[in-house]
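Here is a short briefing on one protein chain.

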Amino acid sequence: MADPSFDSLQCEEECLKFLADVKWKDGFRCRKCGNTHYCAGRKPYSRRCTRCKTEESPLAHTFFHHCHLDLPRAFRLVCLVIRNPGITTAELSEKLQIRRMTCWKLKKKVLECLHTGKLLEYFPGGTKPSGE
Ligand SMILES: [Zn+2]
């Protein structure tokens, strides 16, 4: 399996930049009005539609939206699960120093996303588990 490069991201900003790069790799398009012109938003790496002024963060409509975890650790968790879908909650919790309940919830979400292919858009290094 290809080794995704994103788990080397060390800080919140690098993660946001990564998500922004992937999200808008084919260019920006406002979800509200379809306009393709934007200016910088108020938050780091957010983009703001020049027509209707709607601001979109790199997190919106991604796996990490509403994720109550700092992004670098959330990225690492996703990497670990993609590479080894059989990893246990206890292992994740120990490796990342995240509460087990949080690990359990996120792992479940990652696996769901892997099945639907929703995560692959953001994490091209992942592959779908076979046989299901
Ligand atoms: Zn717009």
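**Helix α2**

Helix α2 has 13 residues and spans 18 Å from first C-alpha to last, close to the 18 Å expected at 1.5 Å a residue. The expected span is 1.5 Å times one less than the number of residues in the helix. This is a predicted model, in which local features need pLDDT of at least 70, side-chain atom pairs count only at pLDDT 80 or more, and totals for chains, interfaces and linings use all residues. Residues are numbered from 1 along each chain as its sequence is written.

- The buried residues of α2 are L71, A74, F75, L77, V78, C79, V81 and I82.
- A residue is buried if 20 or more other C-beta atoms lie within 10 Å of its own, exposed if 12 or fewer, and partly exposed in between, with C-beta atoms placed from the backbone.
- The cover over the buried residues of α2 includes α1, α3 and α4. Contact here requires C-beta atoms, placed from the backbone, to lie within 7 Å.
- R76 also lies in helix α2. R76 counts as partly exposed because it has 19 C-beta neighbours inside 10 Å.
- The C-alpha atoms of R76 and L92 are separated by 9.6 Å. Along the chain, R76 and L92 are 16 residues apart.

**Overall layout**

- The protein chain has 4 helices and 3 strands. Helices (H or I, at least four residues) and strands (E, at least two) are DSSP runs, numbered from the N terminus.
- From the N terminus on, the order of elements is α-β-β-β-α-α-α.
- The protein chain has 132 residues, of which 26% count as buried.
- Take the contacts between residues at least 6 apart in sequence: 46% of them join residues at least 24 apart.

**Helix α1**

- Helix α1 covers residues 12-23, which makes 12 residues. From its first C-alpha to its last, α1 reaches 16 Å, close to the 16 Å expected at 1.5 Å a residue.
- In α1, the residues C15, L16, L19 and K23 are buried.
- Seen down the axis of α1, the buried residues fall within an arc of 100°, so they line one face of the helix. The arc is that of the directions from the helix axis to the C-beta atoms.
- Helix α2 (71-83) is part of what covers the buried residues of α1.

**The sheet**

- The 3 strands form an open sheet in the order β1-β2-β3, with antiparallel pairing. Its edge strands are β1 (38-40) and β3 (55-56), each of which pairs on one side only.
- Two strands pair if DSSP finds at least two bridges between them. Strands β1 and β2 (residues 47-49) pair in the antiparallel sense over 3 bridges.
- R48, in β2, is the bridge partner of C39.

**Positive phi in loops**

- Most residues other than glycine have a negative phi.
- K53 is not a glycine, yet has a positive phi of about 65°. K53 lies in the loop between β2 and β3.
- K53 counts as exposed because it has 12 C-beta neighbours inside 10 Å.
- Q97, also a residue other than glycine, has a positive phi near 55°. Q97 sits in the loop between α3 (89-96) and α4 (100-116).
- Q97 is exposed because 8 other C-beta atoms lie within 10 Å.

Key: Contact = placed C-beta atoms within 7 Å.
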